[in-house]
Amino acid sequence: MTSEIGKQLDLVVDLYGCPNRCMHCWLGHMPNIRMPENADSMIMDYFSPFFSRIAFYSWLREPDYCADYRDRWFRDIAISKNARPERFELASFYRIVRDDQYIPFLKEVGVRKVQLTLFGLQETQDRYVGRKGAYEEVMKASELLTENGIIPRWQCFINEENRDEILKLYALAKQVRAEHCPELEFFVHEGSCDGENRRLYPIRIRKRNIPEELIPVYFGYDNLLEERECIDMLKELHGHPVFHIEGDIVLNISNTFDVFFNITHMTAPWKIGNIIADKPQELAGRILHEDTPAHRLAKQVTWAELACRYGDMSSERAFCIDDYKIFLFNTFLEDDERIRG
Ligand code: SF4
């Protein structure tokens with residue numbers, strides 16, 4: 001195989017970990033393990049023969065979590081090949097409130113908006129983030145960003161447990177806008193159902209329980225379905241699930257060098273391979289042919305079968321159809337693992 005894989009490759013590597021343990025984390029919880037000093041160049045060298053354009057990201061979970069985030073960012077740019085990593089509208093709220101050099105750095109690298117995640121008021125937020133003080137930190141970070149000309153955007157994850165608190169957060173957002181941050185952005189959504197968020201399926205928001213006041217700020221509300229409506233749609237789909245990546249390839253790399261497509265959570269059936277254990281040629285072949293145990297198992301089942309086997313026809317839980325499809329398929333994979341022991 002040559003460097004003919006014409007697509008750009010984004011390598012997204014969990015070099016430093018994350019200070020949080022969010023209850024909705026779609027990647028799934030992983031321990032923070034510091035990868036070896038030379039892991040970045042080693043990973044680049046591993047993939048370089050097969051891709052002419054590679055953007056390197058040293059964070060998979062919390063951006064800028066490492067103490068030398070500034071050098072790190074410029075190193076990510078330097079080691080990338082004919083491509084450049086993006087900043088996105090993301091930052092570390094953990095760092096914003098602890099490091100007065102951090103916001104100037106964000107401005108220097110062109111960050112104009114930062115998305116901050118909320119699950120509810122103080123007790124709920126701290127519990128969902130897995131860290132005492134998380135609510136105060138998000139509020140403080142919002143203030144500091146505003147003072148420095150960066151627009152905060154609150155994204156709120158709603159479920160049956162926290163829906164009244166999300167309503168209170170919306171009222172708070174309006175108050176903050178009126179008092180000192182007219183540009184504060186706010187939106188609500190239900191989140192996907194991968195990783196840790198799968199465990200929240202029992203309390204997933206029922207569509208009819210979404211407070212009416214939140215509908216105008218609910219992301220994707222027009223495409224939101226009840227689970228039973230999703231099942232009705234899928235019962236007509238007799239093709240196999242296909243997880244084909246059309247555009248550039250994004251690979252998530254764990255701190256134990258396991259490699260995954262950026263499709264869903266990072267569990268065994270989705271693993272493409274391991275950078276230490278597998279020969280580069282073999283792993284690149286699996287990327288090119290989209291070959292993981294999950295991709296292979298997808299050929300043994302149809303969407304209609306998945307919907308009939310795992311869907312709950314009495315459920316009014318809210319899903320967009322793509323999130324529901326991956327939820328069903330991951331249920332099938334878990335079932336398969338159970339059967340195989
Ligand atoms: S959702 Fe993001 S911040 Fe929360 S635990 Fe997962 S990676 Fe960390």
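Phe 329 touches Pro 241, Phe 243, Trp 270, Ala 294, Ala 298, Val 301, Trp 303 and Leu 306, when residues up to four places away in sequence are not counted; contact means heavy atoms within 4.5 Å. The model is predicted: local features need pLDDT of at least 70, side-chain atom pairs count only at pLDDT 80 or more, and totals for chains, interfaces and linings use all residues. Residues are numbered from 1 along each chain as its sequence is written, and side-chain values use heavy atoms, with hydrogens and water left out.

- The largest nonpolar core has 113 residues, of which Leu 11, Phe 47, Leu 251 and Phe 329 touch the most other members.
- A nonpolar core is a set of buried Ala, Val, Leu, Ile, Met, Phe, Trp, Tyr and Cys residues joined through side-chain atoms within 4.5 Å.
- Buried means under 20% relative accessible area, exposed over 50%, and partly exposed in between (1.4 Å probe, protein chains only).
- In soluble globular proteins, nonpolar side chains tend to be buried together.

Helices (H or I, at least four residues) and strands (E, at least two) are DSSP runs, numbered from the N terminus. Two strands pair if DSSP finds at least two bridges between them.

- Five strands form an open, mixed sheet in the order S2-S1-S7-S8-S9.
- S2 and S9 are the edge strands, each pairing on one side only.
- From one strand to the next, the twist averages 25°; axes are lines fitted to C-alpha atoms, for helices over the stretch in contact, and angles run from 0 to 180 degrees between N-to-C directions.
- S8 and S9 run antiparallel and are joined by three bridges; Phe 260 has Lys 271 in S9 as its bridge partner.
- Helix H9 lies across S7, S8 and S9, and runs at about 170° to S9.
- Leu 283, Ala 284, Gly 285 and Ile 287 are the buried residues of H9 (residues 280-288).
- These buried residues are covered by elements including helix H1 (39-47), strand S7 (249-253), strand S8 (258-261) and strand S9 (271-274).
- Glu 290 follows H9 and has a positive phi, near 50°.

## Three-stranded sheet

- A second open sheet has three strands in the order S3-S4-S5, with parallel pairing.
- Strand S3 (113-118) and strand S5 (185-189) are at the edges with a single partner strand each, so one side of each has no neighbour in the sheet.
- The twist from one strand to the next averages 20°.
- Six bridges pair S3 with strand S4 (residues 151-157) in the parallel sense, and Leu 116 has Trp 154 in S4 as its bridge partner.
- S4 and S5 run parallel and are joined by five bridges; Phe 157 stands opposite His 189 in S5.
- Between S4 and S5 the chain passes through helix H7 (residues 163-179) in a right-handed β-α-β crossover, meaning that, with the strands pointing away from the viewer, the path from the first strand over the helix to the second runs clockwise.
- S5 is largely enclosed by the rest of the structure, because four of its five residues are buried.
- Lys 168 is found in helix H7 and is exposed, with a relative accessible area of 51%.
- Lys 168 and Leu 121 are 47 residues apart in sequence and 8.0 Å apart in space, C-alpha to C-alpha.

## Asp 64

- Asp 64 sits in the loop between strand S2 (54-57) and helix H2 (69-79).
- Its relative accessibility is 8%, so Asp 64 counts as buried.
- The Asp 64 side chain makes polar contacts with the side chains of Arg 87, at 2.6 Å, and Tyr 102, at 2.5 Å.
- A polar contact is a pair of N or O atoms within 3.5 Å; within protein, one must be able to donate a hydrogen and the other to accept it, and residues adjacent in sequence count only if both atoms are side-chain atoms.
- Beyond its neighbours within four places in sequence, Asp 64 is in contact with Tyr 69, Arg 87, Ser 92, Arg 95, Tyr 102, Phe 105 and Leu 106.

## Positive phi in loops

- Phe 88, in the loop between H2 and helix H3 (93-96), is not a glycine but has a positive phi of about 60°.
- Phe 88 counts as partly exposed, at 40% relative accessibility.
- Phe 257, in the loop between S7 and S8, is also not a glycine and has a positive phi near 70°.
- Phe 257 is buried, with a relative accessible area of 7%.
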